[in-house]
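I opened my notebook to look up the sheets, the ligand shell and a helix pair. My entries follow the structure below.

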Amino acid sequence: MTEVTIETVDLVKRYPISLRGISGGRHREYWGRVGGFKEIFTWKKGFIQALNKVNLKVYRGEVFGLLGPNGAGKTTLIKILCTLVLPDGGEAYVNGYNVVKQSSKVLRNLQAVLGEQHRGFEWRLNLKDNLEFYATLYGLPRSYAKKRIEELLEFMGLKDRSNDMYQRLSTGMARKLQLCRALLLDIPILLFDEPTAGLDPTAATDFRQLLRRLAKSEGKTIFISTHNMWEAQSICDRVAIINKGEIIACDTTENLRRYVSPEKHYSLILDGEPDGKLKRIIDEFEGLNGVKDVSLEFGSLTKIIVKTDENFKILDMMNLIAKHCLNVRDMETYEPSLEEIFIKLVKR
Ligand SMILES: Nc1ncnc2c1ncn2[C@@H]1O[C@H](COP(=O)(O)OP(=O)(O)O)[C@@H](O)[C@H]1O
Ligand SMILES: [Mg+2]
């Protein structure tokens with residue numbers, strides 16, 4: 001994993017805030033204040049900083065995840081890499097080609113699969129014909145195209161649907177067909193914007209496995225954006241966390257997980273009033289391996305809140321519960337959410 005396939009250097013993107021961005025109420029208020037149509041349309045409030053000095057390096061054969069909440073700048077970054085949006089500062093390279101100055105070379109090295117899986121497919125043609133249409137458009141020789149389409153439909157698990165009309169496909173299948181189209185040309189770098197959004201869990205899992213297979217068995221570079229923490233952890237070799245246009249962490253998934261998961265809270269909800277024994281039991285909880293803090297909450301129910309780190313074994317806690325015959329009605333667990341991890345990372 002040494003060959004750099006995607007690189008960004010201090011990449012900046014700003015979108016002007018346009019009139020359309022102003023809410024109706026403020027718009028009217030503004031209208032009243034300036035009193036003129038022309039002034040409103042020449043009024044400039046500033047910019048949205050979609051990307052702020054983004055530096056990334058992605059290597060051949062890896063699955064790289066860009067993880068961030070809505071509006072973080074993920075789509076913007078992908079659109080810059082596939083030459084749909086021009087950056088306002090910094091540089092981006094795809095297989096060494098500059099995305100602004102050498103865009104046609106970039107497009108020969110990279111294929112982006114953006115949302116909208118239905119775009120560009122003919123609803124009343126079957127899957128094979130739809131793909132053949134694109135093969136012709138891309139100028140692939142007929143016999144090669146036929147073979148490649150068969151292979152891809154097989155690879156994607158769509159072989160027995162290949163004569164079905166496109167309109168009969170489920171969302172997941174349509175997504176897979178979109179991937180077939182992206183793979184018609186043997187392009188080394190693939191970008192996916194939220195590839196599993198809208199898929200059911202089974203289809204999403206299938207799709208994730210496909211992406212990993214493409215990277216690991218075909219040596220492709222797979223770059224995905226996602227807001228799904230779990231997805232990033234499960235398929236990516238490395239993950240960059242982006243928030244408000246800034247990369248706040250970039251590391252292997254393993255390291256990130258180590259950072260993210262150490263703290264877990266368990267709330268044991270007890271039936272009945274606390275009695276004198278409880279204080280002593282709490283001391284025993286505190287003595288367990290991996291327990292950082294234990295607190296009690298009284299309300300209509302009694303809650304024991306156990307804060308733990310990665311050395312904690314849930315079995316130890318179970319044994320203690322059994323030993324004291326604690327009447328546990330329910331247990332809630334708590335793990336930090338994506339937002340909390342962001343806050344932690346930002347503060348770091
Ligand atoms: N064409 C556009 N014009 C103006 N602002 C935009 C445009 N596209 C995106 N933005 C803004 O840029 C920021 C980043 O958006 P985007 O890259 O789509 O984020 P993400 O894909 O992570 O949800 C957001 O604040 C969004 O509102
Ligand atoms: Mg997006």
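I started with β6 and strand β7 (residues 189-193): 4 bridges join them, and they run parallel. Helices (H or I, at least four residues) and strands (E, at least two) are DSSP runs, numbered from the N terminus. Two strands pair if DSSP finds at least two bridges between them. I picked out one bridge: Val113 has Phe192 in β7 as its partner.

The model is predicted, so I kept its limits in view: local features need pLDDT of at least 70, side-chain atom pairs count only at pLDDT 80 or more, and totals for chains, interfaces and linings use all residues. Residues are numbered from 1 along each chain as its sequence is written, while chains are lettered from A and ligands numbered from 1 in the order in which they are written.

Next I traced the sheet of β6. I found an open sheet of 6 strands, in the order β6-β7-β8-β3-β9-β10, with mixed pairing. β6 (110-113) and β10 (246-252) stand at the edges with a single partner strand each, so one side of each has no neighbour in the sheet. Neighbouring strands are turned by 15 degrees against each other on average, direction ignored. Helix α8 (residues 201-218) packs on this sheet and touches β3 (63-67), β7 and β8 (221-226). Contact here means that C-beta atoms, placed from the backbone, lie within 7 Å. The direction of α8 makes about 150 degrees with that of β8. Such angles run from 0 to 180 degrees between N-to-C directions, and axes are lines fitted to C-alpha atoms, for helices over the stretch in contact.

Then I looked up the other sheet. It is open, with 4 strands in the order β2-β1-β4-β5 and antiparallel pairing. Its edge strands are β2 and β5 (97-98), and each pairs on one side only. Strand β1 (residues 4-16) and strand β4 (residues 89-94) run antiparallel, joined by 5 bridges. Val12 stands opposite Gly89 in β4.

Which residues are around ligand 1? I listed Tyr15, Ile48, Ala50, Gly68, Asn70, Gly71, Ala72, Gly73, Lys74, Thr75 and Thr76. A residue counts as near if its C-beta atom, placed from the backbone, lies within 6 Å. β2 (47-59) and α3 (74-81) give two or more residues to this shell. α3 gives the most, with 3 residues.

Last, I checked a helix pair. The axes of α5 (residues 127-137) and α6 (residues 142-155) come within 10 Å and cross at roughly 130 degrees. In this contact, Leu127, Lys128, Leu131, Glu132 and Ala135 in α5 meet Ala145, Ile149 and Leu153 in α6.

Technical notes: Two residues are in contact if their C-beta atoms, placed from the backbone, lie within 7 Å.
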